[in-house]
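Trainee: Please take me through the salt bridges here. I would like a close look at how the side chains pair up.

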Amino acid sequence: KEFKKYNITVMSSKIAEKISRSYLLRSLFLPISLFSKIPLEKYDLFLIYSSGLAEFIVFRNYKPVKTHTYVNTPLRASCKEVKNWNLKNRYKNPLSKSFYFLATGIYGLLEKMAWKRINKAIFISKLGLERAKKNDLLKNKESGVVYVPVDLKKFKRLKTKKENYFLYVSRFSLDK
């Protein structure tokens, strides 16, 4: 609502927007991860970089005591607050609500199974760490936050005049 006073053009087609909001493409990662086998014996450590789904790779790939993850966030769609918001605002008909509720429930079970094979978890933010705690994923695992380094001195304050300009915002969504 805070952007209503601006002339905003969404550059994707309505079909592309609906597909991206449906989580359909993300759900394809599960079967891919279930069938991928990596020769981990060649490596000292198995580090998984995830935003919620990549950790399913541990179902076929696991290095005992040396399987770690660097996490943006556990899957937002399965976090309680986001799930409640989606059920109230995004999925309005009973069929889509039921499908979303069932899908996130199955995901939650698989997520807990996968996290049992993760030995250490490093998060990029306190929010991601808190979500993992709320989803009961850490269970005595060593975990912490390591912020992505940004050298603010390299950025100059943007000085603009009131003129026409083009602003491209990527992945702006209510659940973030």
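Mentor: Start with Glu81 and Lys134, whose side chains meet in a salt bridge, 3.2 Å from N to O. The term means a side-chain nitrogen of Lys or Arg within 4 Å of a carboxyl oxygen of Asp or Glu. Glu81 lies in helix 4 (residues 80-90) and Lys134 in helix 6 (residues 126-134), so the pair ties together parts that are 53 residues apart in sequence. Helices here are DSSP runs of H or I, at least four residues long, numbered from the N terminus.

A word on the basis. This is a predicted model, where local features need pLDDT of at least 70, side-chain atom pairs count only at pLDDT 80 or more, and totals for chains, interfaces and linings use all residues. Residues are numbered from 1 along each chain as its sequence is written, and side-chain values use heavy atoms, with hydrogens and water left out.

Glu81 is partly exposed, at 45% relative accessible area. Lys134 is exposed, at 59%. Buried means under 20% relative accessible area, exposed means over 50%, and partly exposed is in between (1.4 Å probe, protein chains only).

Next comes a pair within helix 6. Lys133 and Glu130 form a salt bridge, 3.7 Å from N to O. They sit three residues apart, about one helical turn. Lys133 is partly exposed at 46%, and Glu130 is partly exposed at 36%.

Then look at Lys139 and Asp136. Their closest N and O atoms are 3.4 Å apart, and they form a salt bridge. Lys139 is exposed at 56%, while Asp136 is partly exposed at 39%.

By this rule, the count is four salt bridges.

Technical notes
Helix = DSSP H or I, 4+ residues; strand = E, 2+ residues; numbered from the N terminus.
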